[in-house]
Amino acid sequence: MSKILVVGANHAGTACINTMLDTYGSQNEVIVFDRNSNISFLGCGMALWIGRQIDGYDGLFYASKEGLEKKGAKIMMETEVSHIDFDKKIAYAKTADGKEIQQDYDKLILATGSVPVVPPIPGKDLENVEFVKLFQNAQTVIDKLENPAIKRVAVVGAGYIGVELAEAFKRCGREVVMIDIAPTCLSAYYDKEFTEMMEENLKSNGIELAFDQKVTSIEGNGKVERIVTDKASFDVDMVCLAVGFKPNTQIGKEKLELFKNGSYVVNKNQETSIKDVYAIGDCATVYDNALQDKNYIALATNAVRSGIVGAHNACGTNLPSIGVQGSNGICIYDLKMVSTGMTVEKAKKFGFDPEFTLFEDYQRMSFMKNHNEKVKIKIVYDKKTRRILGCQIASKEDISMAIHMFSLAIQEGVTIDKLALLDIFFLPHFNQPYNYITMAAISAK
Ligand SMILES: Cc1cc2nc3c(=O)[nH]c(=O)nc-3n(C[C@H](O)[C@H](O)[C@H](O)COP(=O)(O)OP(=O)(O)OC[C@H]3O[C@@H](n4cnc5c(N)ncnc54)[C@H](O)[C@@H]3O)c2cc1C
């Protein structure tokens, strides 16, 4: 029997703990420390909760201390691990009431996740400057929105979280200005043809966009009164900072090998550079199939998968990860966008010579009179090898399932030419005989 210590019990930790308990039963002793008071909060539901699109937060949790304990784990909440002696295999932690704990282990699984990036700007500590990560952060924002004096909110950061929050604040009847140093929104996942669509969508729903400008300070007498950039000043009552997340790798950062952004470097079995120490989720690297190399892609989906893989390997079953593509989706008002792999810009940045094919058409044939929307698709591929590197799709239709096929195509190294001849069915209710996927692939140079 091995004593397996898991540090962190959110998405990666929970998936890992569940897999160890469900698959290997009482073969191991599973001990868990988490510094927070809750488990498995779905941050992806935060904007829906803030924007009152869901009734409350109940459904945003899918696991609990009690549930995991019932299966046999020992769970210590509000217990923070400060450091590890990797030679002696002992973790040092402190409970909420200040009690110091020493916990020995045979195998250690680090699932310490990520923390918000705090930009070093004057005024970041003023009242009503908010961050968005934890359940407690969302609760604070929601409580503050009870105050009608909060009339105008600045969201800093136009990544997918910032964009979702901008919609949420607008839905709560607030004026919203979204600020980003980049010239557009969502540029990590989409090229210009798509970011322009989202910009238009945000503007037409009354969200003010202040792109291409750098926040220099937040000002106010004790609490937020305005936010200042290198180009303008905006009177606001709340500032939400969503400028990104960094891996939380305080533990063992001087001993374990780290990636260029500070995440724990892991192999496909989630093993770190020290034997019997695994890392999973946002604190660790992933194998990126589009890039065909290690990368850092912080997503709950990756956290869950790496948690499962880490659990099997820590319990003695050799199960390498098949890698990821960074598949993602967003739905703002009625515009849906999904992407996987690399954009053209990203592919260039990573040294590829990308080509792309762009196609737009209606989802169904024109004789289908009921709801029928346009779909835009862009497939990115490598000029030389013709391997598919990425795909972006946007529509007011729910086109989300189509991206999974591209995710698999990237994983399996499919070329754009093979895609052109793929057996894609046709039925008027769903699509066209010359559907947009086939057409995009056929029209590739
Ligand atoms: C607003 C928001 C929206 C998001 N939307 C999506 C989405 O739509 N789709 C998607 O795939 N992803 C989304 N994400 C990203 C997703 O939430 C993360 O990728 C995911 O939370 C990573 O899970 P994790 O378990 O690796 O890390 P975390 O969620 O960061 O959890 C780490 C855990 O470790 C604990 N911990 C850390 N340090 C210690 C320590 N020293 N001692 C003890 N415990 C410790 C923490 O308390 C925490 O419980 C979103 C994130 C946010 C913030």
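Biologist: How many helices and strands does the secondary structure of the chain come to?
Modeller: Bear in mind that this is a predicted model: local features need pLDDT of at least 70, side-chain atom pairs count only at pLDDT 80 or more, and totals for chains, interfaces and linings use all residues. Residues are numbered from 1 along each chain as its sequence is written. Helices (H or I, at least four residues) and strands (E, at least two) are DSSP runs, numbered from the N terminus. The tally for the chain is 11 helices and 25 strands.

Biologist: Why call the chain as compact as a globular protein of that length, and what is its radius of gyration?
Modeller: The radius of gyration is taken over C-alpha atoms, and the globule rule is 2.2 Å times the number of residues to the power 0.38. For 445 residues that rule gives 22 Å, and the chain comes close to it, so it is as compact as a globular protein of that length. The C-alpha atoms fill a box of roughly 70 × 60 × 40 Å along the principal axes. The radius of gyration itself is 23 Å.

Biologist: How far apart do the C-alpha centres of domain 1 and domain 2 lie?
Modeller: Start with the division, whose bounds come from an automatic or database domain assignment. Domain 1 covers 2–115 + 246–314, domain 2 is 118–243, and domain 3 is 334–442. For domains 1 and 2, the C-alpha centres lie apart by 30 Å.

Biologist: And which helix gives the most to the side of domain 1 that touches domain 2?
Modeller: Two residues are in contact if their C-beta atoms, placed from the backbone, lie within 7 Å, and this contact takes 13 residues from domain 1 and 13 residues from domain 2. The top contributor on the domain 1 side gives 4 residues, at positions 46–50, and that's helix H2.

Biologist: How do the residues on that side of domain 1 divide into nonpolar, polar and charged?
Modeller: Ala, Val, Leu, Ile, Met, Phe, Trp, Tyr, Cys and Pro count as nonpolar, Asp, Glu, Lys and Arg as charged, and the others, Gly among them, as polar. On the side of domain 1 that touches domain 2, that gives 7 nonpolar, 5 polar and 1 charged.

Biologist: Which residues are closest to the ligand?
Modeller: A residue counts as near if its C-beta atom, placed from the backbone, lies within 6 Å, and 32 residues surround the ligand. Elements giving two or more of them are helix H1 (11–24), strand E4 (79–85) and helix H7 (300–314). Domain 1 and domain 2 each supply at least three residues to the shell, which has 15 nonpolar, 12 polar and 5 charged residues. The closest are Gly8, Asn10, Gly43, Gly113 and Gly281.

Biologist: Which residue takes a positive phi in the hairpin of E4 and E5?
Modeller: Threonine 79 stands opposite threonine 95 in E5. The hairpin has 4 residues between the strands, and the one with a positive phi near 60° is lysine 89.

Biologist: In the hairpin of E5 and E6, which turn residue has a positive phi?
Modeller: Along the strands, tyrosine 92 has glutamine 102 as its bridge partner, and alanine 93 stands opposite isoleucine 101. Between E5 and E6 there are 4 residues, and the one with a positive phi of about 85° is glycine 98.

Biologist: By how many degrees are neighbouring strands of the E13-E14-E15 sheet turned against each other on average?
Modeller: This open sheet is antiparallel, with strand E13 (215–219) and strand E15 (233–235) at its edges. E13 pairs with strand E14 (residues 226–229) over 4 bridges, and isoleucine 218 has isoleucine 227 as its partner in E14.

Notes:
Pairing = 2+ DSSP bridges.
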